Amino acid sequence: MAAPRVRLRPTMQSDLAFVLSLEQDARNLPYITPWERTQHEAAIRFPDFRHFIIESGDGLDAAGFLILIGCRSRHQSLELKRMVVQQQGAGTGRAALRVAKKIAFDELQAHRLWLDVKTHNTRARSLYDSEGFVVEGVLRESVRTDQGFASLTVMSMLDREFAQRRAETLELPA
């Protein structure tokens, strides 16, 4: 299956109803900690954040959203705070992740791109593993959920690892 056509564009206020609907979708709630609308509004405006709408398909229709944090960090350590796609299993998430890595390392000059994923989110964990992220550790029972507490697996990729994957043509070209 060919990778879907994907691009990331800055989120606008008019996109927030779509973003919030994805966060409140019952298929996504077990895997994320939703934000209030005001948190998304702040992320759109704050220069340390990049809040994107994932557009996919021939018409580049809205297919999800993605948030990067730490874009102005003097430590050059960016966090992939959240990525939610409307349709799982279509390759949109993988394609969007590759674009996000390109932005992080090429445009924002990240040294490190990191994320955390709930340990029970095996689908996302498998994606991040296959896309070159390395497990750093587990934050045990660190997030309160309706079912109790969830643990988070912290994963990262360094710029040299990204460069090696690019040399192996596993990443988007520069």
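How many residues does α3 have, and how far does α3 reach from its first C-alpha to its last? I looked this up first. Helix α3 has 16 residues and reaches 21 Å, which is close to the 22 Å expected at 1.5 Å a residue. I note here that the model is predicted.

**Entry on helix α3.** I found α3 at residues 92-107. I then listed its buried residues: T92, G93, A95, A96, L97, V99, A100, K101, I103, A104 and F105. A lysine, K101, is in that list. I kept a general point beside the list: an α-helix has 3.6 residues a turn, so residues three or four places apart point the same way. I also looked at what follows the helix. After α3 comes Q109, and its phi is positive, near 55°.

**Entry on strand β2.** I asked which strands pair with β2. Strand β1, residues 6-10, pairs with β2 in the antiparallel sense over five bridges. Strand β3, residues 61-69, also pairs with β2 in the antiparallel sense, over eight bridges. I picked out one bridge from each pairing. R7 has E55 of β2 as its bridge partner, and I54 has G64 of β3.

I then checked how β2 sits in the structure. Of its eight residues, 49-56, seven are buried, so the strand is largely enclosed by the rest of the structure.

Next I went to the hairpin of β2 and β3. Four residues lie between the two strands, and G57 takes a positive phi near 85° in this hairpin.

**Entry on aromatic pairs.** How many aromatic pairs does a search of the whole structure find? The search finds three, and I wrote up two of them. F46 and F49 form an edge-to-face pair, with 5.6 Å centre to centre and 65° between the planes. F49 has a relative accessible area of 19% and is buried, since buried means under 20%.

The other pair I wrote up is F105 with F162, which is stacked: 4.7 Å centre to centre and 20° between the planes. This pair links distant parts of the chain, with F105 in α3 and F162 in helix α5 (residues 159-167), 57 residues apart. I checked burial here too. F105 counts as buried at 7% relative accessibility, and F162 is buried with a relative accessible area of 3%.

Notes:
Residues are numbered from 1 along each chain as its sequence is written. This is a predicted model: local features need pLDDT of at least 70, side-chain atom pairs count only at pLDDT 80 or more; totals for chains, interfaces and linings use all residues. Side-chain values use heavy atoms; hydrogens and water are left out. Buried means under 20% relative accessible area, exposed over 50%, partly exposed in between (1.4 Å probe, protein chains only). Two strands pair if DSSP finds at least two bridges between them. Rings of Phe, Tyr and Trp (its six-membered ring) pair if their centres lie within 6.5 Å; planes under 30 degrees apart count as stacked, over 60 as edge-to-face and the rest as tilted. The expected span of a helix is 1.5 Å times one less than its number of residues.
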